[in-house]
Amino acid sequence: MLRVTLILLAVLVACALGLITSQHKARKLFAELETEQERTRALDVEYGQLQLEASTWSTQSRIERIASQRLRMRHPAPSGVQMVEPPKNEP
Amino acid sequence: MNFAPSPVLTLTLPPWRSRLLLAVFAGGFAFLIGRAVYLQGLHNDFLQAKGESRYSRVLEIPANRGRISDRNGEPIAISTPVKSIWAAPDEVHMDKQQVARLASLLELSPREIQKRLKDARGEFVFLKRQVSPETAARVAELRIPGLSESREYRRYYPLGDVMAHVLGFTGADDVGQEGVELAFQEQLAGKPGSRRVIKDRLGQIVEDVESIRAAQNGRDLALALDSRIQNVAFTQLKSAVLRHRARAGAIVVMDVNTGEILALANVPTYNPNNRSRLSGAQLRNRAVTDTFEPGSTLKPFTIALALESGRVRPDTVIATGSGSLTIGPATIHDAHAERALTVAQVIQKSSNVGAAKIALSLTAQSMWEMFEHVGFGAPPGLDFPGEASGKLRPYRTWRTIEQATMSYGHGISVSLVQLIRAYSIFARDGELVPLSLLKVDAPPVVRRVVSAQTARMVRAMLELAVQRGGTAPRAQIAGYRVAGKTGTAHKQEDGHYATDKYVSSFVGFAPASRPRLAIAVMIDEPTGEYYGGKVAAPVFAEVMASALRILDVAPDAPIKPIELPDESDEIKESV
């Protein structure tokens with residue numbers, strides 16, 4: 001009788017320790033998940049800011065200014081443009 | 001052994017004392033049990049709330065306002081988080097040096113900060129809203145007690161003044177106040193959510209208890225605008241307004257096939273990113289909210305009606321009585337007097353007398369119906385805040401002279417977007433297309449107003465108007481056939497027509513063989529030159545040429561140098 005009790009006690013203690021460990025692990029993992037989610041949000045914000053920056057750098061007026069002033073490009077005269085019909089069987 | 005009997009042992013206590021003690025203890029226990037039952041069973045909310053507040057927190061989940069992009073996915077309005085610095089005035093303690101450093105960080109004067117803290121009523125005052133996260137971090141480093149920051153969103157518009165009027169802007173709370181931002185506030189706005197979590201001693205979240213409300217990000221919006229065309233339209237309009245020292249100007253570019261508005265610009269404009277000094281004139285989206293008497297740009301509608309009724313053909317000759325026509329006490333004049341003109345020439349040379357004569361052969365009701373069918377006198381249906389309906393009086397109140405003047409666009413007022421939409425009946429073989437600010441995927445639901453045959457005939461006349469011998473040779477584009485009509489009208493002021501103030505306009509489309517784009521230009525009060533053909537038509541030509549190139553539209557005419565008439569034999573439009 002006493003032996004059974006002792007075994008059960010041992011099992012109980014083991015279970016309790018197991019529960020504590022798993023709970024601890026779960027919390028750690030959860031904290032990690034939280035951190036990563038926070039990072040996702042931060043990256044999303046940064047993405048928005050970078051998009052904003054890219055969009056500011058690529059405004060038409062800036063492109064046109066650089067193309068015409070620094071790169072000395074110009075629109076071709078209408079007479080210098082040859083229109084090519086795409087082949088019918090290809091999209 | 002004699003045990004001396006101790007007097008203490010022989011002492012007998014009265015039995016009530018022990019019973020009293022027992023009763024007191026029993027009573028004490030009963031009270032404790034009662035209290036325990038009360039606290040744990042009957043009245044446990046308070047303590048539970050107290051306990052929870054030690055570890056459980058409700059967190060706000062922020063939601064983004066939707067991004068707005070143009071038709072090619074180019075972002076044109078983005079919200080990004082910023083910080084607002086606020087203070088609890090009673091708790092703020094800072095020395096002179098700290099005030100000075102805070103002031104320089106926030107770009108305020110030290111006196112201003114002190115004043116705000118002193119004037120504040122209650123426990124809360126914003127020192128500065130919408131500062132960059134970097135600035136906020138440096139403010140936090142000062143470690144001033146009583147100073148806090150909160151997260152807010154700020155909207156940025158990378159294209160600035162180029163698109164200001166279509167987009168509008170949002171207020172400090174990221175709520176739309178003008179333009180598309182206001183019109184589509186429902187879709188764009190995000191709904192912040194909240195959730196309950198358990199935090200440990202270090203402030204880390206260890207468990208998610210429940211989600212109280214899920215955060216909902218605002219929907220992204222794809223506009224019909226093409227930022228490349230918008231840029232050309234804005235630049236050309238701005239330079240034309242400057243060149244003619246005009247009061248204002250507006251331009252609309254429409255895709256004829258879908259009814260999408262590819263560009264819409266107004267001058268004067270403003271920078272939506274910096275709105276510290278704004279006037280009402282800058283804010284006005286004239287193309288949508290302002291109406292004007294369009295003048296001759298309305299002639300084609302009367303002509304179309306006459307053609308549709310079978311009363312005239314393009315080559316029917318109208319006697320124009322050497323350029324004047326008297327109706328009752330009023331006389332209508334033509335700037336370019338002719339004895340007789342064909343119907344096509346009435347459009348080409350923009351003859352008021354010819355248009356009036358044709359109008360008077362029609363019933364007032366049928367003219368009213370025509371104007372009504374092409375959308376005059378009703379909102380253009382853009383869902384844009386403050387869109388104007390214009391003025392179209394019921395035909396029963398028309399007098400004869402009014403019916404005559406309405407044929408050439410006086411006594412009726414329209415907005416620029418109404419005008420361009422109405423012109424879709426000529427560009428689309430007789431069908432009126434609904435306008436859209438948003439990108440359209442499905443083919444639009446159109447309404448037939450005139451027959452395809454009539455529309456083609458008017459189109460041919462409009463083509464004559466931009467060629468040599470018409471009123472707008474400056475609207476020609478190398479390589480493309482263009483159709484369009486000029487308008488020059490005296491401005492109305494206090495119920496009278498001002499003799500020296502004009503509105504010059506031009507509406508047209510190209511390529512005329514298979515119209516793809518329509519453009520309407522309006523210049524308000526140009527000084528010096530004022531004919532639509534000289535002021536507005538060149539803007540049309542520049543923008544149309546660029547837009548056709550941007551959209552890779554194939555030319556439909558042989559490329560040859562554009563012939564402009566000499567100053568002397570230029571056709572003057574009747575005003």
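Trainee: How do helix 10 of chain B and helix 21 of chain B pack, and at what angle?

Mentor: In this predicted model, helix 10 and helix 21 (residues 537-550) of chain B pack at about 165°, and their axes are 9 Å apart.

Trainee: Why are helix 10 of chain B and helix 21 of chain B called roughly antiparallel?

Mentor: Angles over 145 degrees count as roughly antiparallel. The angle here is about 165°, therefore helix 10 and helix 21 of chain B are roughly antiparallel to each other. Their crossing is right-handed, by the way.

Trainee: Which residues make that contact?

Mentor: From helix 10 of chain B, they include B:Arg228, B:Val232 and B:Leu237. From helix 21 of chain B, B:Glu542, B:Val543 and B:Ile550 are among them. The contact's residues split into nine nonpolar, two polar and two charged.

Trainee: OK, on to B:Met406. What makes B:Met406 buried?

Mentor: The cut-off for buried is 20 or more other C-beta atoms within 10 Å. B:Met406 has 26 of them, so B:Met406 is buried. You'll find B:Met406 in helix 17 (residues 400-407) of chain B. Leaving out residues up to four places away in sequence, B:Met406 touches B:Met367, B:Gly411 and B:Ile412.

Trainee: And how many residues does each chain put into the contact between chains A and B?

Mentor: Chain B gives 20 residues and chain A gives 17. On the chain B side, strand 3 (75-87), strand 7 (205-213) and helix 10 (227-243) supply at least two residues each. Strand 3 of chain B gives the most, with four residues. Overall, that side of chain B has twelve nonpolar, five polar and three charged residues.

Definitions and conventions. Residues numbered from 1 in each chain as written. Chains lettered and ligands numbered in written order. Predicted model: local features only at pLDDT ≥ 70, side-chain atom pairs only at ≥ 80, totals over all residues. Contact = placed C-beta atoms within 7 Å. Nonpolar A, V, L, I, M, F, W, Y, C, P; charged D, E, K, R; others polar. Axes fitted to C-alpha atoms, helices over the stretch in contact; angles between N-to-C directions. Parallel < 35°, antiparallel > 145°, perpendicular 65-115°, else oblique. Left-handed = near helix turned anticlockwise from the far one by under 90°. Buried ≥ 20, exposed ≤ 12 C-beta atoms within 10 Å, placed from the backbone.
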